Amino acid sequence: MSFLSAGVASALSIRAPALAAGPGPRDGDAAAIVGTMTTPSSSAVPPPIRWGILATGRIAHAFATDLALVPDAELVAVGSRSITSAQRFVEAHRAEHPGAAVYGSYAELVADPTVDVVYVASPHSLHLEHTRLALEAGKHVLCEKPVTLTAADAEEMVALAREHDRFLMEAMWTACHPVIRALVTGLREGRFGTPRHLHAELGFVVERDPDDRMLDPALGASALLDMGIYPLTFAHLVLGEATSLQATADLSERSIDRDVAIAGRYPGGALATMTASITSWSSRTASIATDTGRIELSDFHHPTSATFTPYGGASTNDDSALESVVAIEGAEPVIGRGYGNEIVEVGSCLRAGLRESPLVPHAQTLTLMRQLDTVRAQVGVVF
Ligand SMILES: NC(=O)c1ccc[n+]([C@@H]2O[C@H](COP(=O)([O-])OP(=O)(O)OC[C@H]3O[C@@H](n4cnc5c(N)ncnc54)[C@H](OP(=O)(O)O)[C@@H]3O)[C@@H](O)[C@H]2O)c1
């Protein structure tokens, strides 16, 4: 059965034989808080969603590895600018994905009638062109983040998806992560108090060739676009839409932002500080101070641990007043590194005949793209 036709409505059954478990309670945890979002289940085993991967770089490998952990998803084709790269890619994943077709061009990949949905994993500056190619060929698309370089291009991409009546989703795996969903649900239900301050930072030292996409302005190099989109998305998910953003950055000799710091104001007067870097080893942590305690996350963009420490009426930071630390756990397992959960989300949406994901709606993607535009204008980077 093909998912090219709209309105295929069957519920998703998640079997989890090879799934990595999410973070469990730590020693001394008094309790575990679990997200309340549930996934529909069905006794009928749905036919697999058939994926094509467009581009064979680093993230495509990680994606293919997690795809193999999703039982009702199948890699049926891989397309590269070079047939040799496509063959090498398929060879590297042969054990997980036997029988994937190999194409030496993206055009041939999107023309493959067995492909339901194309995962666009090329550099940001080419996402619009490659997503257009897939949509025009009648394919649904999961497009890597950021979906484009500018909000105007992102609007064009969304319009194209509507015009062709295809599903389109930004590959914002953070929003699909079970622990992030549990955190957002818990905050909405008031279980962690009211957030007042949020801090999130992401960065690592990029030592690559000057023509690598992470350093080459022509391919969209930017700490903001590569890393900064995560703290901004995290703050958006947790605090709502920013009412103002103020940024400062250090630019490279090639005029790309290599370090950026952003201060944000959010509904209710909550404040956020967010950083991104391609020159330094960030902690990759996030913390949220609420009026009843403190939330802390490791690797916040795909949390490996998340806890809430209630302050139980204490009026100072006296640690003796702390109540037990509580683990924040997802309602579902984390699949692989977490890319598996976004793959499940795409499958769930396609089976329900949706054209956008409730977890990563177009409006959210466009809001974040406008925020990236705003920050870039403030720090003086022009594409
Ligand atoms: N979600 C995440 O966790 C995550 C992590 C890393 C990156 N990303 C995103 O994924 C995208 C790709 O990142 P990556 O780290 O995988 O990049 P990468 O390793 O540089 O791979 C990009 C691939 O794009 C293809 N490509 C097409 N035209 C190209 C050109 N002119 N120059 C260079 N490559 C070209 C190439 O594949 P072929 O040679 O096979 O055509 C290349 O291998 C970016 O938008 C990035 O933001 C997301």
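Modeller: The shell around the ligand is made up of nine nonpolar, seven polar and six charged residues. Here Ala, Val, Leu, Ile, Met, Phe, Trp, Tyr, Cys and Pro count as nonpolar, Asp, Glu, Lys and Arg as charged, and the others, Gly among them, as polar. The model is a predicted one, in which local features need pLDDT of at least 70 and side-chain atom pairs count only at pLDDT 80 or more, while totals for chains, interfaces and linings use all residues. Residue numbers run from 1 along each chain as its sequence is written.

In total, 22 residues surround the ligand, a residue being near a molecule or strand if its C-beta atom, placed from the backbone, lies within 6 Å of it. The closest are A55, T56, G57, I59 and S80. Helix 1 gives the largest share of this shell, three residues. Helices (H or I, at least four residues) and strands (E, at least two) are DSSP runs, numbered from the N terminus.

Helix 1, then, is the place to look next. It covers residues 58-67 and packs with helix 9, residues 339-351, at an angle of about 70 degrees, the two axes being 8 Å apart. The axes are lines fitted to C-alpha atoms, for helices over the stretch in contact, and angles run from 0 to 180 degrees between N-to-C directions. Helix 1 is therefore roughly perpendicular to helix 9. Under 35 degrees an angle counts as roughly parallel, over 145 as roughly antiparallel, from 65 to 115 as roughly perpendicular, and the rest as oblique.

The crossing of helix 1 and helix 9 is right-handed. A crossing is left-handed if the near helix is turned anticlockwise from the far one by less than a right angle, and right-handed if clockwise. On the helix 1 side the contact has A62, F63, D66 and L67, and on the helix 9 side Y339, G340 and I343. Two residues are in contact if their C-beta atoms, placed from the backbone, lie within 7 Å. By class, the residues in this contact of helix 1 with helix 9 are five nonpolar, one polar and one charged.

Other helix pairs can be read in the same way. Helix 8 (residues 223-239) and helix 10 (residues 362-379) have axes that come within 10 Å and cross at roughly 125 degrees, so the two helices are oblique to each other. Helix 8 passes helix 10 in a right-handed crossing. Helix 8 contributes L224, L225, I229, L232, T233 and H236 to the contact, and helix 10 contributes Q364, T367, L368, Q371, L372, V375 and R376. Seven of these residues in the contact of helix 8 with helix 10 are nonpolar, five are polar and one is charged.

Helix 4 (residues 127-136) packs with helix 5 (residues 151-163) at an angle of about 5 degrees, with the axes 10 Å apart. Helix 4 and helix 5 are therefore roughly parallel to each other. Here L128, T131, R132 and L135 of helix 4 meet D153, E156, M157, L160 and A161 of helix 5. The contact of helix 4 with helix 5 has five nonpolar, one polar and three charged residues.

Next come some points of the backbone. Most residues other than glycine have a negative phi, and most peptide bonds are trans. K145 and P146, however, are joined by a cis peptide bond with omega about -15 degrees. P146 lies in the loop between strand 6 (140-143) and helix 5.

D165 is not a glycine but has a positive phi of about 55 degrees. D165 sits in the loop between helix 5 and strand 7 (168-170), and counts as exposed because it has 11 C-beta neighbours inside 10 Å. A residue is buried if 20 or more other C-beta atoms lie within 10 Å of its own, exposed if 12 or fewer, and partly exposed in between, with C-beta atoms placed from the backbone. R284 also has a positive phi, near 60 degrees, and is found in the loop between strand 11 (271-277) and strand 12 (286-290). R284 is buried because 20 other C-beta atoms lie within 10 Å.

Of its 383 residues, 48% count as buried.
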